[in-house]
Amino acid sequence: MSSDLISRLESEPRVLIEARLRPVAGTRFQPTGFPDIGPALYENPDGERFLLVESAQSMANRLEAVCWDEAAGDLVPELRGLPYVSVTIEGLGEPQHTSSLQEFHRLNSPYILDARTAEKKDFEEVLKSELGISVNKKKDNEKEEDNEKEIAGVVNLRRLAQVCFKYDPNSLIHGIFLVKIAGRLRHPRALSAFIEAEGVGRADSGGVKFDRVLPNPKIAGVDAKTGYGNVPFHRTEFTARSISAFFSLDLAQIRGYGLPPEPESLLVALSLWKVRAFLDSPLRLRTACELELGDGPSSIVVKRPDGFSLPDKEELTDLIRGLISKCENYFALPPKTVLVWEKKEAMEKNRTKKRTRIMNEEHPMPVTIKILFPAGRYHATPWGKHVNEGVPEWPPHPWRLLRSIIAVWRRTIPDIPEDKIRDILEHLCNLPIYYIPEYRVAHTRHYMPWYKKQQTICSSPSFSLLKYDNKKNTNVEEGGEENDKSEKKTKKIKEFVDQTLIFDTFIAVRRDNPDNPDNRDNSLYIHWEKDDLTVEQRLVLGYILKNLSFLGRAESWVECSLVEKVPDVGHIVCRPAEPNDPDPIRVLCADPETCFGDKLYPKPKSGRKAKAKDMLFDCPRWHLCLDTTVIRDKRWNIIPGARWVEYTRPHEREFPERGTPASKHDVRRPTLARFVLDGPVLPLVTETVRVAEAFRRAAMSRFRRWCEANSDVAIPYRRVSPALERGPSERLAPSGEVHDEERFTYASPTLSGKDATGHSLVGHRHAYYLPVTDESDPHRLASVIVFARDGFTREECEALASVSEIRMDAARGFRVRLVELGAAEDNEPRIVGPSQVWRSLTPYLGHECIGMRDRDKYLRKGLRREWRRFSEQVEAFQGAELVRLEMLTPEELDRMRFPQPWAYCRARVRNGGIEVYRAAGMFRLVFSRPVPGPLSLGYACHFGMGLFGAEVS
């Protein structure tokens with residue numbers, strides 16, 4: 001690399017930059033949000049709330065936008081001379097213009113690939129020619145799907161880098177995926193970034209669109225849907241303790257492109273210029289989100305490498321101008337490639353989509369490998385799971401790690417001989433032990449575009465009969481007789497864009513904070529007990545690990561290194577499980593006997609050219625290097641060269657000791673369990689009773705199964721079977737005798753709320769099933785809290801931990817996951833308090849005899865009487881007086897975005913599901929002293945109704 005500035009980065013694997021930001025005015029800001037989902041909130045292992053202010057995809061677009069002068073329709077003056085692709089769009093009215101810097105998919109945009117050059121040649125064909133890719137024609141007896149993969153030859157990613165640098169160097173900086181040409185042509189982002197806020201709090205506000213002509217539009221026969229009348233609205237903003245922008249420049253990936261020194265230096269300088277230009281520009285991300293550097297230029301801190309600082313924009317501009325003149329021989333002539341896209345020609349092509357190749361790139365390994373996650377997140381989906389199942393891969397599987405080492409070796413240092421890499425990998429094929437830091441499973445939800453095709457039939461007297469020809473992918477004319485109305489029909493294939501919901505599940509770990517004196521070790525350690533490497537092998541592996549910049553997806557930034565041993569810092573140990581382990585996890589590992597074989601590696605048939613699936617990457621012909629597309633197409637029931645191994649499950653929170661069940665009055669018993677709900681659409685808060693009853697049924701069913709499998713220790717939970725309570729003529733057996741399996745069943749008094757004789761318990765000591773919403777969306781239930789004042793026994797904890805699904809009815813259900821198990825006072829203050837003022841989260845249900853006349857009066861009276869009884873039965877509430885009781889008005893509920901009480905389901909399934917009218921109201925209670933929670937009163941109080949939340953004044 002040239003220049004002193006770039007030469008300082010020659011031996012570094014990455015540049016990691018953090019910039020502290022703050023709102024320009026006030027303390028509130030508006031984060032990125034998604035329809036029906038809202039802002040992306042999650043917690044770190046300490047329970048600290050984080051907020052995604054700007055995603056990695058959006059930041060890539062903003063870093064490209066600083067290069068474009070919208071007014072001039074060209075590059076900014078500092079970057080004039082850089083190559084890019086300009087497209088003139090015709091056939092959509094007046095001519096319009098776009099470019100590779102403005103299109104979200106850069107060179108892979110259909111407006112670029114389907115456009116034509118001045119020589120009337122498709123730009124896609126130009127790229128294929130320069131990439132050395134040819135497409136074999138499909139034979140008549142071959143299916144359309146087979147034609148998608150017939151790209152002959154080895155994919156040369158370095159040649160791809162040269163072609164991208166020729167037409168648009170920005171594609172190498174922000175990533176390129178030419179899926180429309182071949183699903184194997186891709187380079188991940190070399191420069192990635194995101195903005196995140198820490199210690200966030202909500203700031204709700206609102207307003208009204210005032211109509212001074214027709215405040216009540218009904219009198220004129222119009223309504224608010226057409227824009228008339230006063231329309232109230234709400235707005236949710238956030239405050240944060242700190243806002244930080246993170247930038248990661250992968251220098252090892254840029255060096256892996258194999259470009260000459262001048263182009264390589266230009267990519268590095270251009271990336272740093274983008275970061276500096278973005279931070280120096282007005283950071284107005286949205287209307288209500290305008291940020292600035294917290295302390296001026298000193299807010300920009302370079303975390304990696306040590307001693308390096310981000311240069312000024314002027315210094316980087318001078319460097320780029322000099323490098324542009326030196327790289328002219330590597331650019332297209334002229335640098336600005338002008339294309340023309342026409343609507344008619346683009347529609348006639350009807351290109352078939354190529355399948356996307358899944359690239360698994362992950363960890364490294366000698367004696368002990370240390371993996372640090374600078375962004376605090378790890379994104380990866382285990383083999384056999386769909387990304388929308390919400391199941392993250394944790395810990396990282398050895399199969400993924402070995403393939404990542406091979407990929408980094410072939411991308412960055414292919415000069416190392418194959419036999420040396422194999423010697424290292426043979427050591428790492430044995431089963432490792434994981435030392436895992438504290439973590440949590442988190443997720444965000446996004447709407448992504450989904451391209452669909454729909455066949456439609458149009459009728460018109462002026463059209464001739466057309467049919468769709470599947471072989472030629474075109475609409476062709478076919479003769480036909482006219483009907484009586486002289487109408488002729490047209491059958492067309494219409495392409496349209498829909499949206500699909502994506503669940504992005506990931507592992508959240510703590511990020512290193514050097515300013516914190518109590519900073520803990522947040523690294524993941526992978527340790528091989530029985531293997532050792534020579535000094536030379538350790539050097540080679542260490543160099544490969546240094547170039548490994550991400551593991552799993554591109555946003556899973558990692559810093560890997562070799563260490564001598566695992567420090568004693570109290571990590572969670574995850575090792576191969578014993579045969580009697582009751583709850584193991586499956587980990588995909590390499591099979592030492594077959595992973596380096598080539599028996600099942602695809603070989604080209606004699607007399608035919610090699611297909612894409614035969615030569616997918618420039619790597620050895622090992623089973624370990626098989627592409628996932630080949631494995632799926634072959635439909636193998638096992639992966640060649642791999643094996644599944646059961647490991648001990650690394651729980652987010654430790655469960656009670658199995659061998660020491662707590663006594664009935666043991667204060668160490670957990671009293672609260674919190675479950676997260678998951679499904680395509682979360683249930684409405686108005687279905688609180690239904691969700692609570694469904695969860696109770698699932699918990700009791702799981703407890704009964706546990707007792708049946710452990711009958712020797714489940715004797716205290718036996719309950720007389722209902723068959724014995726009926727007369728001899730009513731028993732299930734025709735002869736009148738009772739079979740052994742009918743003599744008793746199993747039930748937990750705490751979970752069921754009934755004693756051994758089946759009578760309901762009193763005193764409110766049994767379990768409360770409390771479905772609650774997230775603070776960001778008061779209309780959807782997000783979690784279920786199970787609370788019992790006497791705590792849960794070991795058997796009840798194991799039953800609760802095994803609940804994974806609840807069924808509302810035959811057609812609808814939700815997945816659940818246990819995320820908290822411990823003392824109530826250690827959990828959410830909104831539910832457990834203590835507080836002196838409590839406000840309704842769900843309606844209080846009165847007696848059936850309360851009518852419409854003086855309804856509010858009798859509700860207040862019934863609530864006061866209910867509190868007196870409740871405080872007499874529960875010790876924690878004795879002595880606390882209800883000094884004030886206020887009913888929340890409908891207007892106040894609307895301001896808080898709460899449904900009205902009458903909208904809730906107010907009947908339990910045991911009553912046949914018949915909706916029995918019960919008067920309902922929502923209140924604010926003020927006590928003489930702070931009282932603890934959960935606080936739930938009235939009918940169905942153990943099923944989420946009459947639930948109050950602590951109100952902060």
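Author: Let us begin with a cluster: Phe373, Tyr378, Trp394 and Tyr439 are linked by ring pairs. The model is a predicted one, in which local features need pLDDT of at least 70 and side-chain atom pairs count only at pLDDT 80 or more, while totals for chains, interfaces and linings use all residues. Residues are numbered from 1 along each chain as its sequence is written, and side-chain values use heavy atoms, with hydrogens and water left out.

Reader: What makes Tyr378 and Trp394 an aromatic pair, and why is the pair called tilted?

Author: Rings of Phe, Tyr and Trp (for Trp, its six-membered ring) pair if their centres lie within 6.5 Å; planes under 30 degrees apart count as stacked, over 60 as edge-to-face, and the rest as tilted. The centres of Tyr378 and Trp394 are 5.7 Å apart, with 55° between the planes, and the pair is therefore tilted. Tyr378 lies in strand β19 (residues 377–378) and Trp394 in the loop between β19 and α12 (398–412), 16 residues apart. Helices (H or I, at least four residues) and strands (E, at least two) are DSSP runs, numbered from the N terminus.

Reader: How do you know whether Tyr378 is buried or exposed?

Author: Buried means under 20% relative accessible area, exposed over 50%, and partly exposed in between, with a 1.4 Å probe and protein chains only. Tyr378 has a relative accessible area of 1%, so it is buried. Trp394, at 9%, also counts as buried.

Reader: Why is the pair of Phe247 and Phe278 called edge-to-face?

Author: By the ring rule there are 25 aromatic pairs. For Phe247 and Phe278 the centres are 6.2 Å apart and the planes stand at 65°, so this pair is edge-to-face. Phe247 belongs to strand β13 (residues 231–250) and Phe278 to helix α9 (residues 261–280), so the pair ties together parts 31 residues apart in sequence. Phe247 is buried, at 1% relative accessible area, and Phe278 is buried too, at 4%.

Reader: What makes Glu536 partly exposed?

Author: Its relative accessibility is 46%, and Glu536 therefore counts as partly exposed. Glu536 is placed in helix α14 (residues 535–547). The C-alpha atom of Glu536 is separated by 9.5 Å from that of Lys420, 116 residues apart along the chain.

Reader: How do you know that the charged end of Arg186 sits over the ring of Phe177?

Author: A charge sits over a ring if NZ of Lys or CZ of Arg is within 6 Å of the ring centre and within 35 degrees of the ring normal. The charged end of Arg186 is 4.8 Å from the centre of the Phe177 ring, over which it sits. Arg377 likewise lies over the face of Phe506, at 5.5 Å from the ring centre.

Reader: How do you know that β20 and strand β25 pair, and in which sense do they run?

Author: Two strands pair if DSSP finds at least two bridges between them. Strand β25 (residues 524–527) is joined to β20 by 3 bridges, and the two run antiparallel. Tyr434 stands opposite Ile526 in β25. β20 also pairs with strand β27 (residues 572–574), again over 3 bridges and in the antiparallel sense, and Ile436 stands opposite Ile572 there. In strand β20 (residues 433–436), Ile433 and Tyr435 point one way, Tyr434 and Ile436 the other, and all are buried.

Reader: Why are β33 and β35 said to stand at the edges?

Author: They belong to an open sheet of 5 strands, in the order β33-β34-β30-β36-β35, with antiparallel pairing. β33 (768–774) and β35 (805–807) each have a single partner strand, so one side of each is left without a neighbour in the sheet. Between β33 and strand β34 (residues 777–787) there are 7 bridges, and Asp774 has Asp777 as its bridge partner in β34.

Reader: Which elements do the buried residues of α4 pack against?

Author: They pack against β8, α3 (110–113), α6 (157–167) and β17. In helix α4 (residues 123–131) the buried residues are Phe123, Glu124, Val126, Leu127, Lys128 and Leu131. Just after α4, Gly132 takes a positive phi of about 75°.

Notes:
Contact = heavy atoms within 4.5 Å.
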